[in-house]
Amino acid sequence: MWSPGSISPAASKYDILLSFVQLTEENSRFVTSGLVIFLAFQSLRTWLRILLDYSSGKIWLDKDESQRAAWNRFPEKTVLILVLLMIASQLFPMNRDTERTEMTPGALVAYLVFSGGLIALLWGILATSERSILEYGIRFREFASQVRDGCDGFFLAFLPTGILMIATAAIRTTENQNPLLTLLSGADNIGTILGIFFSAVVFAPLYEELAFRVILQGWLTTFLNPTAAISIVAVIFAAVHGLTDGIALLPLAGLLGYVFYRRHSYVAVLVIHGLFNATMLALALLSKQ
């Protein structure tokens with residue numbers, strides 16, 4: 001068992017890091033259980049608070065009434081077509097017989113570069129529409145409030161999503177799990193692990209919330225009622241993540257849509273998505289110890 005006294009004053013930084021890793025390995029089950037219990041408790045507590053507020057006539061999340069993009073300008077139609085094509089390519093791959101591409105550190109770097117370029121391209125095209133970024137949900141006033149809304153949304157999503165993940169565990173195997181989780185299970189250096197976390201916690205939310213909530217849901221709500229728009233986008237979002245993960249992700253997808261509709265906040269949904277992905281990766285990293 002590691003203890004502070006087991007490291008001599010002359011120990012190198014590498015020895016200290018190695019000792020910390022050994023400590024993590026020895027206590028990973030305890031840490032994992034503690035993290036899950038804490039998050040489940042916070043989720044239940046948030047649900048109870050919001051339900052009690054609702055019973056007294058207070059609805060969670062006041063609706064932001066600021067002007068929203070009409071999605072009728074050429075740049076907006078352009079990014080919408082691009083997003084629809086990318087979603088279609090994920091839902092209906094041209095060659096269904098092609099084996100699933102293995103995620104490698106090199107492929108991860110390529111993915112980060114591609115994702116960063118794609119996000120910049122979509123926002124760059126939208127910038128030419130000459131609309132205020134506020135109409136797309138990008139606002140920095142009341143920033144702390146947006147983050148708080150995102151934290152509430154994350155806690156609300158954790159319990160139902162976790163329950164569905166447990167219920168669908170039988171159909172989740174190493175063959176059909178997320179490629180990033182496969183790479184994480186075999187990662188043996190801090191650079192790869194940081195790259196995986198950066199990809200899942202930063203780049204994936206930035207792109208997916210832009211594509212699904214800002215663009216797709218924003219467009220659908222211009223001619224459908226909010227419930228229909230949120231539901232359609234939630235089902236598509238779940239579908240592109242595959243059957244095994246998609247079923248469990250439906251509560252998360254629904255909450256992301258609801259929060260974006262009510263608060264019209266890109267920041268809030270980024271916080272929800274980023275916290276959720278960070279939690280799943282942390283649990284996966286701890287479970288491999």
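Me: Is Glu65 buried or exposed?

Reply: Glu65 is exposed, with a relative accessible area of 64%. Buried means under 20% relative accessible area, exposed over 50%, and partly exposed in between, with a 1.4 Å probe and protein chains only. This is a predicted model, where local features need pLDDT of at least 70 and side-chain atom pairs count only at pLDDT 80 or more, while totals for chains, interfaces and linings use all residues. Residues are numbered from 1 along each chain as its sequence is written, and side-chain values use heavy atoms, with hydrogens and water left out.

Me: Ok. Which side chain does Glu65 meet in a salt bridge?

Reply: That of Lys63, at 3.8 Å from N to O. A salt bridge here is a side-chain nitrogen of Lys or Arg within 4 Å of a carboxyl oxygen of Asp or Glu. Lys63 is partly exposed, with a relative accessible area of 27%.

Me: How many salt bridges by that rule?

Reply: The count comes to 8 salt bridges. Among them is the one between Arg131 and Glu76, whose closest N and O atoms are 2.3 Å apart. Arg131 lies in the loop between helix 3 (105-127) and helix 4, and Glu76 is in helix 2 (residues 74-91), so the pair ties together parts that are 55 residues apart in sequence. Helices are DSSP runs of H or I with at least four residues, numbered from the N terminus.

Me: What is Arg131 linked to in a network?

Reply: Glu76, Arg131 and Glu135 are linked in a network of salt bridges. For Arg131 and Glu135, the closest N and O atoms are 3.1 Å apart.

Me: Are Arg131 and Glu76 buried or exposed?

Reply: Arg131 is buried at 13% relative accessible area, and Glu76 is buried at 1%. Glu135 is buried too.

Me: New topic. At what angle do helix 6 and helix 7 cross?

Reply: The axes of helix 6 (residues 190-220) and helix 7 (residues 226-240) cross at roughly 150° and come within 9 Å. Axes are lines fitted to C-alpha atoms, for helices over the stretch in contact, and angles run from 0 to 180 degrees between N-to-C directions. That makes helix 6 roughly antiparallel to helix 7, a term for angles over 145 degrees.

Me: Which residues make the contact?

Reply: Contact means heavy atoms within 4.5 Å. The residues include Phe212 and Leu216 of helix 6, and Ile232 and Val233 of helix 7.

Me: Last one, where is Thr174?

Reply: Thr174 is in the loop between helix 4 (143-167) and helix 5 (179-186). Thr174 is exposed, with a relative accessible area of 56%.

Terms used:
Helices (H or I, at least four residues) and strands (E, at least two) are DSSP runs, numbered from the N terminus. Angles under 35 degrees count as roughly parallel, over 145 as roughly antiparallel, 65 to 115 as roughly perpendicular and the rest as oblique.
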